[in-house]
Amino acid sequence: MRTTSRFPYGWLNVFEEDDLQDFIKELSEAFRLIDSSTTAWEIIDAIIHEWHESAVAIASPELAAAFSAETDEVPLKSPSTQSAV
């Protein structure tokens with residue numbers, strides 16, 4: 001993981017190169033819609049927002065620990081067919 005920067009999009013530094021390629025691909029696809037879609041800019045804004053939120057989560061030690069923590073999963077039981085009344 002790279003360090004963060006003081007540049008407006010410095011948060012992109014937390015991503016690996018293959019992740020950045022995915023980000024560029026998503027943005028490129030959205031930019032192609034600009035002439036044909038009235039919501040293209042909203043889509044672009046949403047893509048940037050979601051990637052920024054992911055960067056915040058990756059950069060946060062607390063969130064990174066929570067995401068990587070193993071959980072004790074308990075299998076669900078089938079519902080009872082008997083009435084509770």
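Biologist: I'm new to this predicted model. Is the crossing of H1 and H2 left-handed or right-handed?

Modeller: The two helices cross in a right-handed way.

Biologist: Which residues of H1 and H2 make the contact?

Modeller: From H1 come Asp19, Asp22, Phe23, Glu26, Leu27, Ala30 and Phe31, and H2 brings Ala40, Trp41, Ile43, Ile44, Ile47, Ile48 and Trp51. Sorted by kind, that contact has 11 nonpolar residues, three charged ones and no polar ones.

Biologist: Let's pick one residue. Is Ile47 buried or exposed?

Modeller: Buried means under 20% relative accessible area. Ile47, which lies in helix H2, has 12% relative accessibility, so Ile47 counts as buried.

Biologist: Which residues does Ile47 touch, leaving out those up to four places away in sequence?

Modeller: Ile47 touches Phe23, Glu26, Leu27 and Ala30. Take Glu26: in sequence, Glu26 and Ile47 are 21 residues apart, yet their C-alpha atoms are 7.4 Å apart in space.

Biologist: And how many residues are in the largest nonpolar core?

Modeller: That core has 12 residues, including Ile47, Phe23, Leu27 and Ala30. Others among them are Trp11, Leu12, Val14 and Phe15. Both H1 and H2 supply at least two residues each to this core.

Methods
Residues are numbered from 1 along each chain as its sequence is written. This is a predicted model: local features need pLDDT of at least 70, side-chain atom pairs count only at pLDDT 80 or more; totals for chains, interfaces and linings use all residues. Side-chain values use heavy atoms; hydrogens and water are left out. A crossing is left-handed if the near helix is turned anticlockwise from the far one by less than a right angle, and right-handed if clockwise. Helices (H or I, at least four residues) and strands (E, at least two) are DSSP runs, numbered from the N terminus. Contact means heavy atoms within 4.5 Å. Ala, Val, Leu, Ile, Met, Phe, Trp, Tyr, Cys and Pro count as nonpolar, Asp, Glu, Lys and Arg as charged, and the others, Gly among them, as polar. Buried means under 20% relative accessible area, exposed over 50%, partly exposed in between (1.4 Å probe, protein chains only). A nonpolar core is a set of buried Ala, Val, Leu, Ile, Met, Phe, Trp, Tyr and Cys residues joined through side-chain atoms within 4.5 Å.
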